[in-house]
Structure formats: C-alpha cells, structure tokens
Amino acid sequence: MAFQLQLDVKDQILIVTFCGELDHHAAAEARQPMEAFLSEGRFRHVILVLNRLDFIDSSGIGVILGRYKWLAARGGKLVICGMNAHVRKILDVSGIFKLIPAVNSVPDAMSLLEVFV
Amino acid sequence: MTAIATVQNHIKFTFPAMSENESLARTVVAAFVMSLDPMLDELNDLKTAVSEAVTNAIIHGYDERNSGMIDLEAELDGRTVFIRITDYGRGIHDLWQARQPMYTSKPDLERPGMGFTMMEHLMDEVTVQSVAGRGTTIGLRKTISPVDMRWH
C-alpha cells in the first residue's frame, strides 16, 4: 500500500499517523509535511502513531531520527505509539528505542508528554 | 506431512534504478518465495533486506540520478532463498567502512547508515562484491523454516 500521512492536533501536540509503506521512495512524502507543520513553531511535541504502518526499512528510520533530532534541538519530545511486529522489530534493530520512548496508545503518549506541555 | 520434492526455481528481472521500483522489487521477491509458505516474519525480513539492497543501489550506486539499471536474481534451492541485487554504478570504495553500523557517506540526506546492519540482522548471510567504477552486487541468503516444524 502506498504511503499516507495524517496530521492531527490535540492540546498543542502534533499527532502524526503513518499509513502504508515507509521506504526511501516515501521518505520525502513523510518528511515534508511534518517539516512544514513543525517549522511554524506552534508545536513542541510530536506523537508518531505507527499502528497503520505496514512496512518500514532503514530509510524510514532515517525519517523518524531526523524529526527526533529536530525536536530535541528545540526542547521538544517525540513519542512513538502502536506498531505491528515487523515495524517493532526493525525499530528495535535500529536501536531507536534508546532515544525515543514507545507506548501502546495515543492516551498513553499524551500522559507521558503531559509533564512536558 | 509427506515429503515434497526439492523446489528449484529462479527468476531474473531488470528494472530502472528509480525509487518507485523499491516496492516492486520487494513485492516480486515476496511473491517468488510464497511457494515455501513462509511465516509473516520471514517474509517481512526478506522484503526489508531487498528494500535495503535496492535502495543502496539507487542512492549509492547511481547517486539517485534515475539512470542505470538494477538486476535482481532470486533462486530457490529447497527452502533456501538466494538473492543477488546488482547495480553497474560507481561501486563501494571501502567495503569495510560501508558495513559499519551508523556509517553513512551521505549524512546530509538523513541516511542513518543502517542498511548493511539491517540486512545482516535479517538474513542468514550477506555478501558484497564491489569494483570501483564498475558496480556492486549484494548477495542475500535466508532459509525459510519448515512448515511442519512450527509452533502454532
């Protein structure tokens, strides 16, 4: 399935949902709308929802790491939530969980970010 | 389950080094191994490794110029899958360095330098042959678990 991205805002937190397959080809489609939204400066924190993501490879990891670095440099937090077994395995191999916390649901992510809002 | 004859099959296809074809390449390989009835996890491992190798050819072999061709060969020998992905681009000058985790020759492109690490983690064996100015062949090998040996 082609890559799709959905952006939602809740309590000044940007909620980004990735759907379909995030590879090198889709990386720009994932990166650009997030960059555009974040550079407006209205949001400090981002929740990345991955439960509708079917496929990811190291190019997709690059997209997530890029946003993490951007946010970290501005005092923002990134939280990942919900992922299938394949996505979890690839993220685990990448070591990304040492940098970015992962929780089960958006409410869990919201409560994790509450202390930072 | 009765023993079945050893499966021997192979395919070869050639496609332009465009990022649109990354999903095509991994989908073809997934379809090719379906006769082995792989577990979802094994199928995803193969798709991811193929995606990494093809992306490597497009970005590093051909510098994302949308020119040049990639050959993908896949072979079944019993329950073992052999895949070879070849580009005719600029080749890798330092193979040892390219295979180091987190090494990337293109940090400006948000490349995490994990392609080879990922392939090595997901496959039983990864081989790389490269000649500067001539191109690179990445070989992947993985044995699919026997259907009657699985926990259900």
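Colleague: Why does Asp63(B) count as partly exposed?

Modeller: A residue is buried if 20 or more other C-beta atoms, placed from the backbone, lie within 10 Å of its own, exposed if 12 or fewer do, and partly exposed in between. Asp63(B) has 14 C-beta neighbours inside 10 Å, so it counts as partly exposed. This is a predicted model, in which local features need pLDDT of at least 70, side-chain atom pairs count only at pLDDT 80 or more, and totals for chains, interfaces and linings use all residues. Residues are numbered from 1 along each chain as its sequence is written, while chains are lettered from A and ligands numbered from 1 in the order in which they are written.

Colleague: Where is Asp63(B) placed, and what is its phi?

Modeller: Asp63(B) is in the loop between H2 and strand S2 (69-77) of chain B. Helices (H or I, at least four residues) and strands (E, at least two) are DSSP runs, numbered from the N terminus. Although Asp63(B) is not a glycine, it has a positive phi of about 50 degrees. Asp37(B), in the loop between H1 and H2 of chain B, is likewise not a glycine and has a positive phi of about 50 degrees.

Colleague: What makes Arg42(A) exposed or buried?

Modeller: Arg42(A) has 10 other C-beta atoms within 10 Å, and it is therefore exposed. Its place is the loop between helix H1 (24-39) and strand S3 (45-56) of chain A. Gln129(B), with 15 other C-beta atoms within 10 Å, is partly exposed. Gln129(B) belongs to strand S4 (residues 125-131) of chain B.

Colleague: Why are H1(A) and H2(A) called roughly parallel?

Modeller: Axes are lines fitted to C-alpha atoms, for helices over the stretch in contact, and angles run from 0 to 180 degrees between N-to-C directions. Angles under 35 degrees count as roughly parallel, over 145 as roughly antiparallel, 65 to 115 as roughly perpendicular and the rest as oblique. The axes of H1(A) and helix H2 (residues 58-72) of chain A come within 9 Å and cross at roughly 15 degrees. H1(A) and H2(A) are therefore roughly parallel to each other.

Colleague: Is the crossing of H1(A) and H2(A) left-handed or right-handed?

Modeller: A crossing is left-handed if the near helix is turned anticlockwise from the far one by less than a right angle, and right-handed if clockwise. H1(A) passes H2(A) in a right-handed crossing. Residues on the H1(A) side include Ala27(A) and Met34(A), and those on the H2(A) side include Val63(A) and Trp70(A).

Colleague: What makes H2(B) roughly antiparallel to H4(B)?

Modeller: The axes of H2(B) and H4(B) come within 9 Å and cross at roughly 150 degrees. That angle makes H2(B) roughly antiparallel to H4(B). Their crossing is left-handed. H1(B) and H2(B) have axes that come within 9 Å and cross at roughly 145 degrees, and H1(B) passes H2(B) in a right-handed crossing.

Colleague: Which residues of H2(B) and H4(B) meet?

Modeller: Two residues are in contact if their C-beta atoms, placed from the backbone, lie within 7 Å. Among the residues that meet are Ala49(B) and Ala53(B) in H2(B), and Met118(B) and Met119(B) in H4(B). The residues of this contact divide into five nonpolar, four polar and two charged. Ala, Val, Leu, Ile, Met, Phe, Trp, Tyr, Cys and Pro count as nonpolar, Asp, Glu, Lys and Arg as charged, and the others, Gly among them, as polar.

Colleague: How many residues does each chain give to the contact between chains?

Modeller: Chain B gives 19 residues and chain A gives 18 residues. Helix H1 (21-32), helix H2 (40-61) and helix H4 (115-122) of chain B each supply at least two residues of the side of chain B that touches chain A. The largest share of that side, eight residues, comes from H2(B). Four nonpolar, eight polar and seven charged residues make up the side of chain B that touches chain A.

Colleague: Which residues touch the most other members of the largest nonpolar core?

Modeller: A nonpolar core is a set of buried Ala, Val, Leu, Ile, Met, Phe, Trp, Tyr and Cys residues joined through C-beta atoms within 7 Å. Of the 64 residues in the largest one, Leu22(A), Ile47(A), Leu48(A), Ala53(B) and Met119(B) touch the most other members. Not counting residues up to four places away in sequence, Ile47(A) touches Ile13(A), Ile15(A), Val79(A), Cys81(A), Val106(A) and Ala109(A).
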